[in-house]
Structure formats: C-alpha cells, structure tokens
Amino acid sequence: MNLLVLNGPNLNMLGIREPDIYGRTTYADLVAYIEAVCAREGIAVKCYQSNHEGALVDAIQDAYQKMDGIVINPGAYTHTSVAILDALKAVALPAVEVHLSNIYEREEFRHHSYPGLACVKTIYGHGIKGYEEAVLYLKDYVERKA
Ligand code: DQA
C-alpha cells in the first residue's frame, strides 16, 4: 500500500506554534512518528508539507494512480479551500482528514471543513496520535475494498 500524508500551512511550525493547542512535538518528530507507524504496518509513505494551497492541490493530483490513499491535515485551508475539496474529489482516492486539535470546541469558523466533505473519515482532537489512527483506518479501508 502506498500512502500520501499531506500537511498544510503552519504545520511546519509544530512545536513552536501555540504549543498549548498543538503540543510540543515538532514537524520533524511528526514525520518520524508517521514513518515508524507506516514501516510497522508495511506501508510505503510519502509525507509532504506546504504552506501553499496550489502546491497541496498539485500533490493531491500527483497521487492519482500512484497512491492508494491520502491522510490530510489541511491546516487553515480546512475552513476555506474548495480547491482542495475538488482535488480530492477529482482523484477519488480514499482520504482521511486529521486535526490535532478539536476544531469543534474552538472558534465557530473552524467548525466547517471543505476537504472533509470528500473524506471517508475525520479524526480530530487526538494530537499526533490522530495520524496513526488515520493510517490504520485507511489501511483497513483499502484492504476491505481490495
Ligand atoms: C488544525 C486546525 C485548523 O483550524 C488550524 O487552522 C490548523 C491546524 C489542527 O490540526 O488542529 O492549522 O488543522
């Protein structure tokens, strides 16, 4: 199984940005954690982070016919990006949305997700463990469809 893990704007600042909300784990630590989970599960993973909406759209399009699934934390684009929603719909790969924080207990503008409309599941409020849950969910989802 080939998996793409996408992180959107400001997630490269993990460990520095608002640690009371997002924790002290750095982005490099997060990537190492995801890679270890995927190695254990026999999954080939590519992790990519960008602060740019179009770059995230390009990465989703690149996954077409190469990847079996996508884990995505779109960061603030969660609440604005029809382009990321459309890209996920275009490639029609199973996608799981992850949020480190509980977006439903925060400001009202964080309660709505556009990319989430094209995802088979959303995991929120579990910190970096949410990425592991997403990987395991997608693995099971892809194996059940095979
Ligand atoms: C986030 C939640 C978003 O509202 C925020 O803009 C982020 C991170 C999360 O992981 O909790 O950048 O996606």
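## Around the ligand

By class, the shell around the ligand is made of four nonpolar, five polar and two charged residues. Here Ala, Val, Leu, Ile, Met, Phe, Trp, Tyr, Cys and Pro count as nonpolar, Asp, Glu, Lys and Arg as charged, and the others, Gly among them, as polar. This is a predicted model, where local features need pLDDT of at least 70 and side-chain atom pairs count only at pLDDT 80 or more, while totals for chains, interfaces and linings use all residues. Residues are numbered from 1 along each chain as its sequence is written, and side-chain values use heavy atoms, with hydrogens and water left out.

So who is in that shell? The residues around the ligand are Arg17, Tyr22, Asn73, Gly75, Ala76, His79, His99, Leu100, Ser101, Ile103 and Arg110. To be near a molecule, a residue needs one of its heavy atoms within 4 Å of it.

## Polar partners and the pocket

Taken alone, the ligand exposes 320 Å², and the protein buries 99% of that (accessible areas come from the Shrake-Rupley method with a 1.4 Å probe; for residues, only the protein chains shown count as cover).

Where does the ligand sit? You'll find the ligand in the largest pocket. A pocket is worked out on a 1 Å grid over the protein atoms alone, as an open set of points with protein on both sides within 12 Å along at least five of seven lines. A molecule sits in one if more than half of its atoms lie within 2 Å of its grid points.

## A second look at arginine 110

Arginine 110 belongs to the loop between strand S4 (95-99) and strand S5 (121-124). Helices (H or I, at least four residues) and strands (E, at least two) are DSSP runs, numbered from the N terminus. Is arginine 110 buried or exposed? Arginine 110 counts as buried because its relative accessibility is 16%; buried means under 20% relative accessible area, exposed over 50%, and partly exposed in between (1.4 Å probe, protein chains only).

Arginine 110 also has a protein partner: its side chain makes a polar contact of 2.7 Å with the side chain of glutamate 107. A polar contact is a pair of N or O atoms within 3.5 Å; within protein, one must be able to donate a hydrogen and the other to accept it, and residues adjacent in sequence count only if both atoms are side-chain atoms.

Most residues other than glycine have a negative phi. Glutamine 65, in the loop between helix H3 (53-62) and strand S3 (69-73), has a positive phi of about 65 degrees although it is not a glycine. With a relative accessible area of 69%, glutamine 65 is exposed. Alanine 92, in the loop between helix H4 (82-91) and S4, has a positive phi of about 50 degrees, and is exposed at 62%.

Tyrosine 64 is found in the loop between H3 and S3 and is partly exposed, at 46%. Its C-alpha lies 5.4 Å from that of valine 91, although the two are 27 residues apart in sequence.

Definitions and conventions
On a 1 Å grid over the protein atoms alone, a cavity is a set of points where a 1.4 Å probe fits but cannot get out, and a pocket is an open set with protein on both sides within 12 Å along at least five of seven lines; lining residues have an atom within 4 Å of a point.
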